[in-house]
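Welcome! Here is a short tour for anyone meeting this protein for the first time. Take a look at the sequence and the model, then read on.

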Amino acid sequence: MSENTEVVVVGGGYAGVMAANRLTQRDDVTVTLVNPRATFVERIRLHQLLGGSHAAIVDYRKVLAGGVRLVVDTVTRIDPAGRRVTLAAGGTVGYDYLVYAVGSGSADPDVPGAAEFAYPIASLEETERLRPALDATPATAEVTVVGAGPAGIETAAELAEAGRTVTLVCGGALGPYLHPRGRRAVAKRLARLGVTVLEGPGTRVTAVARDSVRLTDGRDVPSELTIWTTGFAVPDLAARSGLRTDALGRLLTDETLTSVDDARIVAAGDSAAPSDLPYRMGCQSAVQLGPQAAETVLSRMAGRRPAPVDVGFAGQCVSLGRRAGVFQFSRRNDIAVPLYLGGRPGAKLKELVCRSTVWQLGYEARKPGTRTWWVKDGRRRQLLGAGR
Ligand SMILES: Cc1cc2nc3c(=O)[nH]c(=O)nc-3n(C[C@H](O)[C@H](O)[C@H](O)COP(=O)(O)OP(=O)(O)OC[C@H]3O[C@@H](n4cnc5c(N)ncnc54)[C@H](O)[C@@H]3O)c2cc1C
């Protein structure tokens, strides 16, 4: 091994930036971050980009440690045996350790017409494609948002607040993660904004046409613009590179976030599946997994045994336009409890969470390794012990 240890971080989202920053605490580590864009994307604000209330991007200089080399490119293949990655623009970058943090994007909609007529909103580029389509849609036209997880609820509320006529098609329950009390608060606010919420077993979308969506109960919902938010998929880079993944394509790791195939590859964020028992995809888990993946690398370098992962949750923050929100509190193990904070205080808390997330990235850049404690979630140990 050379004097310097070369670490390549693939993906400059919440997890990758946290990992890259954490690694800079050792002077003998050279960190290269590969990301397709020259700016950091606040994915949790993409519905705001659509609504026009936020740009959803941050200059990397604000969140990335000065010592990290940013390569604006896409990794097309990882060669674990040769310890190098191939870049889309050509050439390779060698590594001693690799952090796999490629995040997630929109899932391929396997519903007829969806790929053709519906617009996803999971990435910056998709949202940038959707914006002109929205602008070209008459102000009085029917807009349909499919999917009632946080991205769908937040998008529907944002557009309704901007005066759009919005139908939210849930395909099941509204906000499945939410406690019934939090769900009632969300439903109340959506009703006040004029959003038509279609929920229940008959509301799965079976087909999308240019001007409507069809539901399992046979209804045709008029829709001049359809937005698709039914869940995330992950890039297939790990599988393409011969590394084992879970059924969704997340890199399979042990509890130290180390690939089950290669001790020099660790994973973090939405694209990691520790012990085949992945955390809920979200920036809340990503900002905790990033530094822990880096700690695993640093432990290996120091000849120490890496610690098992620990991620604790506080809840789920849902913005309902700019003037209201619901913070659904949870147990540390991510199970929602009856407590929530709604209305304007909920909106303020959500805004605070978004800002503090970016602040956390910057803090790790300035003071890498300061935060060394992790919230303990005893239930994970129980689940693992029980074989699940
Ligand atoms: C509208 C919306 C609202 C959301 N709201 C919330 C919320 O309220 N709370 C919450 O917790 N989560 C929310 N999420 C989810 C959250 O944004 C993601 O779970 C989070 O971004 C995951 O972080 P990450 O670092 O794992 O990946 P990402 O943030 O997706 O970053 C991954 C990065 O890797 C890059 N990349 C991918 N492939 C390659 C490659 N081959 N080579 C190089 N780079 C690559 C990507 O371009 C990206 O920059 C929301 C998402 C959306 C779309």
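## Around the ligand

The shell of residues around the ligand is made up of 21 nonpolar, 12 polar and three charged residues. Please keep in mind that this is a predicted model. In total, 36 residues surround the ligand, and the closest are Gly11, Gly13, Gly103, Gly269 and Gly282.

Where does the shell around the ligand come from? Helix 1 (14-23), strand 2 (29-35), helix 2 (46-51), helix 6 (150-161) and helix 9 each supply at least two of its residues. Both domain 1 (5-104 + 234-383) and domain 2 (108-228) contribute at least three residues to this shell.

## The nonpolar core

Now let us turn to the core. The largest nonpolar core has 105 residues, and those with the most contacts inside it are Val10, Ala19, Val99, Tyr100, Leu168 and Ala268. Helix 9 (residues 283-301) gives this core its largest share, eight residues. Domain 1 and domain 2 each provide at least three residues to this core.

Setting aside neighbours within four places in sequence, Val10 is in contact with residues including Val34, Val75, Val85 and Leu98. Val99, Tyr100, Ala101 and Val102 are also among the contacts of Val10.

## The whole protein

Stepping back, the protein has 11 helices and 25 strands. Its radius of gyration is 21 Å, close to the 21 Å that the globule rule gives for 388 residues, so the protein is as compact as a globular protein of that length. Of those 388 residues, 48% count as buried.

Note on methods:
Residues are numbered from 1 along each chain as its sequence is written. This is a predicted model: local features need pLDDT of at least 70, side-chain atom pairs count only at pLDDT 80 or more; totals for chains, interfaces and linings use all residues. A nonpolar core is a set of buried Ala, Val, Leu, Ile, Met, Phe, Trp, Tyr and Cys residues joined through C-beta atoms within 7 Å. A residue is buried if 20 or more other C-beta atoms lie within 10 Å of its own, exposed if 12 or fewer, and partly exposed in between; C-beta atoms are placed from the backbone. Helices (H or I, at least four residues) and strands (E, at least two) are DSSP runs, numbered from the N terminus. Domain bounds come from an automatic or database domain assignment. Two residues are in contact if their C-beta atoms, placed from the backbone, lie within 7 Å. A residue is near a molecule or strand if its C-beta atom, placed from the backbone, lies within 6 Å of it. Ala, Val, Leu, Ile, Met, Phe, Trp, Tyr, Cys and Pro count as nonpolar, Asp, Glu, Lys and Arg as charged, and the others, Gly among them, as polar. The radius of gyration is taken over C-alpha atoms; the globule rule is 2.2 Å times the number of residues to the power 0.38.
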